[in-house]
Structures are given as C-alpha cells and as structure tokens.
Amino acid sequence: MTGNHKDTSITRRRALAVTGGTVAAGGLAVAGYRSAFADTTTGTEATTGAAATASASSATGTCMTLMSSVTEGPYYLDGALVRKDITEGKSGIPLTLRLTVVDATDGCTPVPGAAVEIWHCDAWGYYSGYTTANPGGSAPAESEDGSTADDNTYLRGYQIANANGVVKFETIFPGWYTPRTCHIHLKVHTGGEKEDGTYEGGKVNHTGQLFFADDIAQEVFTLEPYAKHSGTYTKLDDDMVYDGGGAAGGLLTLKPVKKADPSRGYKGTLTLGVDPDAENSGAGSGGGGTPPGDAPTGTAPTGTPPTGTPPSGAPTASAAASS
C-alpha cells in the first residue's frame with residue numbers, strides 16, 4: 001500500500017495507570033464498538049496445514065491440525081493484565097476476537113482454564129513499551145494519537161478460557177510495520193493462575209501469530225487513523241513468518257459487523273489446536289532476533305518506557321522473520 005497522507009498532530013496526556021476499562025477512542029462511534037463487541041457463536045473450524053493432524057473429532061465432526069508455532073518476536077513483555085478489553089482508548093477499527101482452545105492430541109476437546117495472551121501494534125505500527133521504534137514508511141509519532149493509553153501496557157492482555165475453551169478479546173484492528181504483514185502475537189499458557197492482575201506460573205504450550213486476509217487489511221488501512229501511515233504494506237504471500245497454512249497457520253476468519261461499512265469493525269474467530277502437555281520456548285520458526293534499541297529483558301517496564309531505534313537500511317531475513 002502506497003500513498004501520501006496529510007499529518008495532523010494531536011498532543012495528548014499520558015495516563016499513569018491502567019484499570020482495564022476503555023476510554024472512548026476519538027472518531028469511533030459508540031454504536032460501532034457495541035456492535036463489534038457483541039458476543040457471537042461460531043463452530044469449530046476445519047482447517048488444513050502442514051502440522052500434525054489430530055485423530056479424533058470435535059462437535060462438528062472435524063478436528064483441526066496442531067497449530068504452527070512461530071517466534072514470539074522482539075516486542076514481548078511479561079506482566080500483561082488479565083482483561084477482555086485491551087484497547088485503553090487506542091483509536092482504530094473495532095475488532096472482537098473469539099478464540100477457542102482445544103487439545104489437538106485428544107479429540108479436540110476444550111481446554112478450560114487455558115490462558116490466552118495476545119499483543120499487537122496500534123493503528124500506526126507502534127507497540128506499547130517500544131513507542132519510538134520506527135514502524136517504517138511515514139507515520140506520525142505514536143505520542144500524537146490523542147489517546148490516554150498507558151505506553152507500557154496498551155494492546156496487551158490475557159483472558160482465561162471458559163468451560164468450552166473460549167476466550168474473547170475486545171481490541172482494534174492492528175496496523176502494520178516494515179517488513180511484516182498485519183498480525184497479532186499470541187501465547188497459550190496452562191497450569192498457572194491469575195495473580196495480582198496478571199497470569200503467573202504454568203507453562204507456555206503454544207506461541208503463534210494471528211493473520212488477516214490481504215483484501216480486508218488493505219481496505220482497513222485506507223481508513224482513519226490507519227491512512228496516516230503510508231508506505232509499502234507486506235502481503236501474506238511475502239511475509240517471512242506466515243507459512244501459508246490457513247487456519248492452522250493462524251489465519252483468522254473475519255466477518256464485518258456491517259458489510260457496507262468496514263469502519264463498524266470486524267469479528268475474528270479461530271480454533272487453536274494445541275498440545276497441553278507440550279512446552280514451547282517462544283523461539284519458533286525464523287530464528288530469534290533482538291528487540292530494537294534499549295529494549296527491556298522480558299519484564300513489563302515501569303516509569304519511562306524504553307525507546308526503539310529507527311531501522312537503518314533494509315532488515316535482514318532473520319530479523320524480519322522474528323518481528
């Protein structure tokens with residue numbers, strides 16, 4: 001996606017603490033959020049892919065393959081909050097996620113109590129904790145978005161699966177950054193428990209990423225506030241992490257809240273087939289990679305957030321795959 005857009009700068013105040021509630025994002029209709037964040041009921045999806053196939057069947061008569069594991073990337077931080085709404089007032093197109101965790105080694109039975117953790121960039125490609133890391137192309141500074149989001153915690157959170165293995169998140173459609181396609185990072189944990197507002201203990205069973213169809217993503221990126229970030233968008237086929245495996249590779253099923261008006265938001269669903277006995281290091285495919293600039297060492301920062309270093313020159317293949 002290419003194009004030039006006029007930069008409108010808005011100075012904002014920084015929030016000192018996060019309660020998990022949502023501050024209304026500028027330019028988004030309340031009705032859009034209510035529609036996009038309404039509960040939905042979807043069946044288990046049958047999928048194909050290169051991973052190992054589970055042998056038994058789910059309630060719909062099919063069972064998905066074990067999800068493909070990939071790198072956690074350089075923007076992971078420990079200590080995300082347990083909460084359904086992770087927006088903190090960040091402006092963007094509403095997105096609801098309904099993810100179902102199943103045991104792909106045991107007939108795709110639900111995994112109640114599994115903790116699903118997600119994190120992703122904002123509409124201009126910035127991550128909390130790394131708010132000065134250059135997203136590539138031309139974008140306003142993250143501080144100009146006008147929200148009161150906490151720069152250490154926005155667009156990060158956990159949800160605990162119910163008896164049916166289901167978790168639901170309220171967030172915004174992610175933006176993009178060079179050289180990656182639009183995506184959401186994800187971990188599935190088991191064996192731990194909620195403590196002090198976050199999730200502690202247990203082990204990580206799966207580290208993956210959720211992906212978006214090119215046509216939907218590119219349409220969203222023509223809307224505000226996404227349109228203020230111009231440059232070359234990486235499509236799925238050119239992404240160095242997405243393996244082309246469809247749902248087993250993390251490709252979301254997306255439905256618009258209102259077909260004629262994408263600004264009203266989308267509902268995303270996916271069944272996550274995991275092995276609850278496995279432990280995943282987060283290294284995943286594509287190698288490791290290092291966080292930009294003065295990045296923290298896996299712990300949520302306090303006080304002034306770390307700053308990233310704008311990229312110089314073209315990224316290497318290994319660095320790109322680990323982002």
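**View 1. Aromatic cluster around Trp176 and Tyr233.** In this predicted model, ring pairs join Phe173, Trp176, Phe212, Phe221, Tyr226, Tyr233 and Tyr266 into a cluster. Rings of Phe, Tyr and Trp (its six-membered ring) pair if their centres lie within 6.5 Å, and the planes are classed as stacked under 30 degrees apart, edge-to-face over 60 and tilted for the rest. This rule gives a count of 13 aromatic pairs. The Trp176 and Tyr233 ring centres are 6.5 Å apart with planes at 75 degrees, so this pair is edge-to-face. Because Trp176 belongs to the loop between β5 (166-172) and β6 (183-195), and Tyr233 to the loop between α2 (214-220) and β8 (253-256), the pair ties together parts 57 residues apart in sequence. Trp176 and Tyr233 are both buried (under 20% relative accessible area, with exposed over 50% and partly exposed in between; 1.4 Å probe, protein chains only). Helices (H or I, at least four residues) and strands (E, at least two) are DSSP runs numbered from the N terminus. Local features need pLDDT of at least 70 and side-chain atom pairs pLDDT 80 or more, whereas totals for chains, interfaces and linings use all residues. Residues are numbered from 1 along each chain as its sequence is written, and side-chain values use heavy atoms, leaving out hydrogens and water.

**View 2. The ring pair of Phe211 and Tyr242.** With ring centres 4.9 Å apart and planes at 55 degrees, Phe211 and Tyr242 form a pair that is tilted. Phe211 lies in strand β7 (residues 198-211) and Tyr242 in the loop between α2 and β8, so parts 31 residues apart in sequence are tied together. Phe211 is buried, at a relative accessible area of 1%; Tyr242 is also buried, at 13%.

View 3. Strands β6 and β7 pair in the antiparallel sense over 12 bridges (two strands pair if DSSP finds at least two bridges between them). Opposite Phe211 in β7 stands His183, and opposite Thr198 in β7 stands Glu195. The β6 and β7 hairpin has 2 residues between the strands, and Asp196 there takes a positive phi near 55 degrees. Of the 14 residues of β7, 10 are buried. Strand β3 (residues 115-119) also pairs with β6 in the antiparallel sense, over 5 bridges, and Ile118 has Leu186 in β6 as its bridge partner.

**View 4. Lysine charges over tyrosine rings.** Lys90 lies over the face of Tyr154, 4.2 Å from the ring centre. Lys187 lies over the face of Tyr76, at 4.9 Å from the ring centre. A charge sits over a ring if NZ of Lys or CZ of Arg is within 6 Å of the ring centre and within 35 degrees of the ring normal.
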